[in-house]
Amino acid sequence: MSGLKRITGWMHAGLGALIGCAIIASTIDAAKAADPRAELYQKFEKAVRGKTVAWVPVWLGVLESEWTRVMKAHFDDYGVKLVVRDPNFKSDVQLQAVSSLINDKPDILIVQNPTTTLLARELKRAMESGIKVIQINMASNQLTDAYVGADVPKLGRSLAEELVKACGGGKGSGKVAILQGEATAAYSLDMTKAATEALSADKSIKIVSSQPTNWDANKAADVTTNVLQQNPDLCGILSVWGPMTAGAAQAVKNAGKQGQVKIFVASDGQPADCDMVEQGLFTKNLSYRADTQGEAIVNAVLTLLQDSRPAGATQLAYYTTNYWVSGKDDRQFCFVVPKE
Amino acid sequence: MLATSQSRGSYKPSQSTIVLGVTLVLFVALSLALPGFASLGNLFTLARNISILGILALGMAVVVIGRGIDLSQIATLACSAAIAITLIDDGWSAFSAIGSGLLLSVAIGIANGFLVSVIEIPALFTTLASGLLVLGVTRALVVPHYQVFLKPGHDWLLKLGGTVMGGLPVPVIAFVICALIVHLFLSRTVLGHFIYAHGDNAQAARLSGMATRPLTMFEYAICSGIGYIGGVIMVGSTAIMHLQIAESTLIFDVILVVVLGGVSLVGGRGNVLSVIAGTLLIGVLLNAMTIMNLDIQTQDMIKGAVLLMAITLDSYIHPRDEETAKQGD
């Protein structure tokens, strides 16, 4: 049995070699000597052109629109089709969008997770049905072919270190407040956890408040007014997101404490965040730059499209670099929203 | 309410009195237990934090007393205020920009009232849909990324979120003025009485010669207009309008405050005091929990428990019957 198999195997190999020779011969005829550079391009074209990428953000806010803009610009150039579904912050709609996209069988599925669990099962199903999956800015409990985004705990630690530098060791009252996003959003939870650990490690720092603001500038302003009322000697605020912090900064300004209360914000690099620093309302932003993140997403897509292994074969990570924004000179670390 | 208390011949405290009582008990307990709670500064902070909610609730109360409901209130104020900021940022004068926002919000209110009273679509569906429509159109045409920042250089508008006379927050003054005007309107004017009559029995009001259709449009216009005032104060406090608030639970907080204080969803009942009582209870709770730095789960538990307590107490003192039964009972 095995002998027969081996013989058939040889025959196949021989046949294959013959056909191969014939093809090579004809190619040489057609294109003279094969140009390795042209071949590289053809290989790239074959792997990439005409492929479909499906993209499901949590919603199309400023950050997500910037990712989408960068992706679209590159994909148009490569001849990749981009399908976008905007669930507008509704997790049931997002789950449905992902489920129905899996049935449409795109080549790559990109998702931005709202929580670590919501999409986990569907992402596994997507990979099982042969779709390569990229997760953006927050990984779910299900690891997939690639992750692109900020190292969120690291953001929290870096902000905390800066806050300790400004407020610790007797350089101020040592009293600090943390403004969280939504209580259940993992992006906010992870950053708050890492920041709290780093702040607690320093004996001179006291966290007087750590409250969720539901990403709402009004709520952030209310909480901040409240905290300032109870702790007039507050030294610093650590916040996980720019737009809601705008409200907190106004509350600090209204209390006449602009400058006394240092405000450190994790930023996606949206223009308004840089404006706030330039107006002296924020002390410093730590920007993870949505524009360069968009390019990292494109690179991950190109890598996976050119990788002939099936979905689920790798777990690549593209952690993006963070940049401190502390004045006019750091404008480059914020992106520009183009006029439509 | 009046009828039951007369027929039984004994004093029955109204729902707003009960809620005020609960608030007072909480307030005393917290003043004793929580250092820094009873200070004048904290009272200003407390009042400031609930004044926007209170203003919105005043507008909502007018519609609810007229046996309606306006689920589009937040969407309308967010979009009108966002458009007003966009105009200011584009160099319009303050008066015309803010005025245009007000006109827009009032127009949306009138359109709501028209759909409810003339086309006769239930208020719940009308305002649910109109809120979505307003939000969608604004997002598509004016505010693509959900947020507008007020550009620097408009400090006069930011004064609306500031304080005057040694710490008195401007939003609180605005709430007091709005409350006073709405109170006088509802209790002293013919139109105010018409709204009660309309909510109590729309058919009877109509048969006795009131123009209930224009009246409905008027109610919804007041709700949107007062809501817009709240929206402008939001901008004054934060220098940003984020349309996401239209999809947050804020609208339910507004309805909760209204209903909690005793403005019944069946219409014709409650007054400005009810709104103030409901707002104060929520305000005391939120303020104390922020001072105590409680985590969100504990906050939800306490909020839920206190609300249930207030409602239970009310139903114990006012047993449900045909007359006092509320929608959904």
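Analyst: Domain bounds here come from an automatic or database domain assignment. The model is predicted: local features need pLDDT of at least 70, side-chain atom pairs count only at pLDDT 80 or more, and totals for chains, interfaces and linings use all residues. Residues are numbered from 1 along each chain as written, with chains lettered from A and ligands numbered from 1 in the order written.

Chain A is assigned domain 1 (2-34), domain 2 (50-150 + 290-321) and domain 3 (152-287). Over C-alpha atoms, the centres of domain 2 and domain 3 of chain A are 30 Å apart. Contact (C-beta atoms, placed from the backbone, within 7 Å) links 10 residues of domain 2 of chain A to nine of domain 3 of chain A. On the domain 2 side, helix H3 (62-78) and helix H11 (290-306) of chain A each give two or more residues; helices are DSSP runs of H or I, at least four residues.

Buried means 20 or more other C-beta atoms within 10 Å of a residue's own.

Take B:Val258. Beyond its neighbours within four places in sequence, B:Val258 contacts B:Ala57, B:Met60, B:Ala61, B:Val64, B:Val263, B:Val275 and B:Gly278. In chain B, 50% of the 329 residues are buried.

Definitions and conventions: Contact = placed C-beta atoms within 7 Å. Buried ≥ 20, exposed ≤ 12 C-beta atoms within 10 Å, placed from the backbone.
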